[in-house]
Amino acid sequence: MGSKYSHVFQPIRIRGIDFKNRITLAPPSPNLASTDGLVTHDFVDWFRMFARGGVCTLYVGNCSIDITECKDEAYQLDLSNPDGVLPMTWYADMCKQYGCHASFEINHNGENTAFETVGHAPFSASSRISDNERLRAKQNNREPIPCIEMSIDKIHETIEKYGKAAGMMKRAGMDIVLVHGGHGNLISQFTSPMYNHRTDEYGGDTKGRARFAIEVCDSIRRHCGEDFVIEFRISADEIAPEGMHFEETLELIGYLKDHIDILHVSAGIHSDFNMKYFNNWCQNYLMDHCFNVHYARDIKKAYPDLLVNTVGSIMSLDYAEEIIANGWADFVSMCRPLMADPDMPRKYAEDRPDDRRPCLRCNTCMNHLMIPKPIYCAINPISAMTSELRDGVVPKAATKKRVAIIGGGPGGIQALQTLLDRGHDVTLYEKTGRLGGNVIGAAVPPFKKDVQAYLKWMRHTAAQCVERGAKILLNTEATKEMLELEKYDAIVIAVGAEPIVPKSIPGIDKPHVAWAPDAEEGKAKVGDNIVVIGAGQVGLEAAYDYKMLGKKVTVIEMKDLMSTMFIRGNRDLMALINETDIEIKYETALSEIKDDCVVIKDIKTGEVSEIPCDTVLLAMGIKPRFDVVDALRHCAPETSVAIVGDCNNKAGTISEAVNQAFQACIHI
């Protein structure tokens, strides 16, 4: 019997090629190509988890059609190197093992290649100096260099490169390509009035600006034949005021539709260093789910015979089923949700949707791309070890051991699951009555729906572990005496961190002072006039949450504006807060808390002033529970004691807790 997700798992044939379902991996760039732009075995192993999990098509992001003139990633595939065909076959053949289509997103990033990367000015539809180039020039202490307007001969040469790149893919055994025509890359530099100021046949009106894109697709068809599927990615709306907007995009699609098989609908551009339009194609945790689906829906309404793929914070197959059932799109693409749980399609096909590990949209994966390091997921630890654990299976331990876990936060729950998978006898101690650790407070604000889903999944997973034989002792604080009495073979300490509360500040222990997450949980009374101490993620989330409840909120922060912007997770929050009347006082220290105000000091001038308030919420950071760690770390053989998460050296992230716990436990 099949699943209830009948639309998601409805096969479709395009040009005689069978696609087993309607779920595709939106194109990530894993930073696992070789330095000369070739597929590696590590690359193949990383993508294996998605093929094994059940999607119909895998796309690899931002593959260059000629790395000598378009390169914007350190480890980017080069589709102009004929030596690349053989390693491409490793990828294509791996996908075929799972009934999955291997593919690449082929791209030329045009004006966004840096002079320093390729040794010459970049090419584009028109000559101009972009904001990106102005910033690069400033960083490299040189004058800005305008990009080179492509001559007609250069245009024809580049069109041929797209065709040859797709032809290499077909030689390697692939039967579908994704042409990147959006997000401010070269093709959209031709189609968009923001970039294209030409007056010849490749410029002017929408039809003229569409010509380059059409000829690229026709070149691919010539090189690959009729039994090859062309998917074309667009930005339905570039959002930038001077860019292409949806009504003109509809006209563009009219010219393009007979030259492609599937239209892949995104939005925004990624070429802006200030990230003003970045979130329109890569949404953050503050934004709506299914963010760009309305564009696909309206395109499908205008062109009902055109196959449409939609993308953008489609977090589960429940959404996908609704989208396809309603006729808003024919395919659904996901990237980060599949990175969080590549087995999602398999779990839904087996009617196990509650087992899906939900994506946090924390962009841990994206941040790795910029370092560069191989990208992996904050909450899917196997994604960081796909070569070591090639089949995604946690290996059984040679010897069954009795293991204690101290702490029921994300690190503790991951340790519980991993140790149980290893075949050990596991007991988890949690001193409170609830599992979740600091994730509990983080999940309280209504806009934290992704964290709320993750907290629910953590508890669901813990309950499954109990059904499999694990023991969870709530309201039980593990002590040295208790652990030594049990004589455990190994211990995982995951006791997390606690709020920083500087006792040296007069009034910090007054009854109207509370840690911000405690207040949001309802553990403290909150008035109408709030001062938040600290403009990190915890403080800004609390400030925004209470502002949405109609409170007056002021935030004080010791760092300056620029330093605060680069605190992890802050940039998107600050953009949201800038739309409110919340005042953030930078370079300001808390001197004293009185009954009806706080006393603050301007760090630069030394000026002292007061802010009236009836509630003070502390968000000054958290500190590792080193005292607990030191009390417990000798309660088992020391070489079999692992310290993971916030209590390991410094307070960190969910990603560090989960990945450290997993990597420690596969060696116990």
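Visitor: How many of the residues of strand 8 (residues 176–180) are buried?

Guide: This is a predicted model, in which local features need pLDDT of at least 70 and side-chain atom pairs count only at pLDDT 80 or more, while totals for chains, interfaces and linings use all residues. Residues are numbered from 1 along each chain as its sequence is written, and side-chain values use heavy atoms, with hydrogens and water left out. Strands (E, at least two residues) and helices (H or I, at least four) are DSSP runs numbered from the N terminus, and buried means under 20% relative accessible area, exposed over 50%, and partly exposed in between, with a 1.4 Å probe and protein chains only. Ile176, Leu178 and His180 are buried on one side of strand 8 and Val177 and Val179 on the other, which gives a count of five of its five residues.

Visitor: Which residue in strand 9 is the bridge partner of valine 179?

Guide: Strands count as paired if DSSP finds at least two bridges between them. Strand 8 runs parallel to strand 5 (residues 101–107), joined by two bridges, with glutamate 105 opposite leucine 178. Strand 8 also pairs in the parallel sense with strand 9 (residues 229–235), over five bridges. There, the partner of valine 179 is phenylalanine 232.

Visitor: What radius of gyration does the chain have, and why does it agree with a compact globule?

Guide: The C-alpha trace spans about 75 × 65 × 45 Å along its principal axes, and 60% of the 668 residues count as buried. The radius of gyration is taken over C-alpha atoms, and the globule rule is 2.2 Å times the number of residues to the power 0.38. Because a compact globule of 668 residues would have a value near 26 Å, there is agreement with the radius of gyration of the chain, 27 Å.
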